[in-house]
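Please look over the sequence and the model shown here before reading on.

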Amino acid sequence: MENKNSWEMYDARQLKEIDVFAKEYMDFLNNGKTERECIEVIVNKIEAAGYQELDSLIGKKKTLKYGDKVYSVWMNKSIVMFQIGKRPMTDGLNILGAHIDSPRLDVKQNPLYEDGGFAYLDTHYYGGVKKYQWVTIPLAIHGVIVKKDGTTVEVNIGEDEDDPVFFVSDLLIHLADEQLEKKASKVIEGEALDIIIGNKPLVIEKKDKKDEKNDKGEKDAVKKGILEILKENYEIEEEDFISAELEIVPAGKAREAGFDRSIILGYGQDDRVCAFSSLKGMLEIGKTDRTACCILVDKEEIGSVGATGMRSHFFENAVAEVMNLTGDYNELNLRRCLSRSCMLSSDVSSAFDPSYAASFDKKNVAYLGCGMVFNKFTGSRGKSGSNDANAEYLAHIRDIFEKEKVNFQTAELGRVDLGGGGTIAYILALYGMNVIDSGVAVLNMHAPWEATSKADVYEAKRGYVAFLENADI
Ligand code: MN
Ligand code: MN
């Protein structure tokens, strides 16, 4: 059972196609550094491809028919798309799922303070991060500030060449003897991940010569200077941070890596690599027998919780609405539809890293460039928390992929008993449908800059097309 390297399979036409595909993927990463930004990019792409908003159809007597395309966005952070098949939805859907949230630093609700002449924003990290990786690198601020009157200020600072960036400081090596004795998990503490946002005090002009106290030494003058800038540029007050969602992410664009340009290095590829390739698969398919569906959700990195996470009922509600518009809805039909569905729950898989070879089982790990990855199970310590896909289902998937000549490999995250992780697979499996974990291999997973193979991103898209067009079990 040897892995095949995808690069060895491609002809000149495909190699060209892969570069075009990678370019569009990198644009997706650059323009979608938060869930909200991803949703905006996705909606633009799918509306251009003829998708209509589900809400605009509800209540109108317009029925959905074979080949129609609809989507529903939930709270600007999650989306589900449907392309209606020839057969009734009660026969089940072919579903792709991935997540569009990524590890980062979130700005707290009372974040702004001054210390030692610096103005800071206090943060709380989101998802699993090696905290020491986030110091001294250029950071950007993305997100929204919603004011009391309901107006939303969109923030995106640090990506343009002319924009300022932000950073978390680290202790100089010359004084770091004590720091370097600490465990890596403690060397940078969570509360030390506050970003520096300024160092210049606000100077208030003196009204007359006697008014010395305004001249210098004003308390929190740097913070006041920042507030002045925020007021001027965004018309916001300090209190507006209360209703803001600001995400601190690595500044800069995704890049090709290696002399051979075979690798993509970029932020947020867990799991936007699967989200993008699923989306592209969804847009590439022709009319299908079974209704095709793609779910791209928020909050996977913190347990799929909240109204926009996979555990929310927004997906089930959307299926009910779509069934209603196809004329098939009743409670029993909805249950039948969901239990007869097939799903590829896509998330990134750890790529074998020769520098840390002992952390992997070489026979059961994904290799960069060796195709789409299937994880029969995930979980940790005895498969705990895993969705363990049914053998019959895996056999069906193997058959489809071999017929469609899609390169794939099977893997586990890492060595038994070393750790593990979960995905959204178990949540959809609650309906009784067939679900398997699949996706793309990533090196440096959860680091500020993650690496994927261009070939794998392309091969994943090919796999999603094969699945949507052929899965039927
Ligand atoms: Mn993930
Ligand atoms: Mn993750």
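Glu301 is buried, with a relative accessible area of 15%, where buried means under 20% relative accessible area, exposed over 50%, and partly exposed in between, computed with a 1.4 Å probe and the protein chains only. This is a predicted model, in which local features need pLDDT of at least 70 and side-chain atom pairs count only at pLDDT 80 or more, whereas totals for chains, interfaces and linings use all residues. Residues are numbered from 1 along each chain as its sequence is written, chains are lettered from A and ligands numbered from 1 in the order in which they are written, and side-chain values use heavy atoms, with hydrogens and water left out.

Donors here are N, O and S atoms within 2.8 Å of the metal (3.2 Å for Na, K and Ca), and because water is not among the atoms, sites may look incomplete. Glu301 sits in the loop between strand S13 (291-297) and helix H7 (314-326), and His446 in the loop between strand S21 (441-442) and strand S22 (450-453), so the pair ties together parts that are 145 residues apart in sequence. The helices (H or I, at least four residues) and strands (E, at least two) named here are DSSP runs, numbered from the N terminus.

The manganese ion (ligand 1) is coordinated by His99 (NE2), Asp270 (OD), Asp347 (OD) and Asp347 (OD), at 2.1 to 2.5 Å, and its donor residues are spaced H-x170-D-x76-D in sequence. Within this set, His99 in strand S4 (residues 93-99) and Asp270 in helix H6 (residues 269-284) link distant parts of the chain, being 171 residues apart. His99 is buried, with a relative accessible area of 1%, and Asp270 counts as buried as well, at 3% relative accessibility.

The backbone at Asp270 also deserves attention, for the peptide bond from Asp270 to Asp271 is cis, with omega near 10°, and Asp271 is found in helix H6. Most residues other than glycine have a negative phi, and most peptide bonds are trans. Arg381 has a positive phi of about 45° although it is not a glycine; Arg381 is placed in the loop between strand S17 (379-380) and helix H9 (391-403) and is exposed, with a relative accessible area of 54%. Asn444 likewise has a positive phi, near 60°, but lies in the loop between S21 and S22 and counts as partly exposed, at 36% relative accessibility.

Asp101, in the loop between S4 and strand S5 (104-115), is buried, with a relative accessible area of 0%. Not counting residues up to four places away in sequence, Asp101 touches residues including Asp270, Asp271 and Glu301, and the C-alpha atoms of Asp101 and Ser78, 23 residues apart along the chain, are separated by 9.5 Å. Ser78 in turn is among the residues touched by Thr308, as are Trp74, Val297 and Phe314, with residues up to four places away in sequence again left out. Thr308 is found in the loop between S13 and H7 and is buried, with a relative accessible area of 5%.

Taken as a whole, the protein has eleven helices and 22 strands. Its radius of gyration is 24 Å, close to the 23 Å that the globule rule gives for 473 residues, so the protein is as compact as a globular protein of that length; the radius is taken over C-alpha atoms, and the rule is 2.2 Å times the number of residues to the power 0.38. Of the 473 residues, 52% count as buried, and among contacts between residues at least 6 apart in sequence, 77% join residues at least 24 apart.

Key. Contact = heavy atoms within 4.5 Å.
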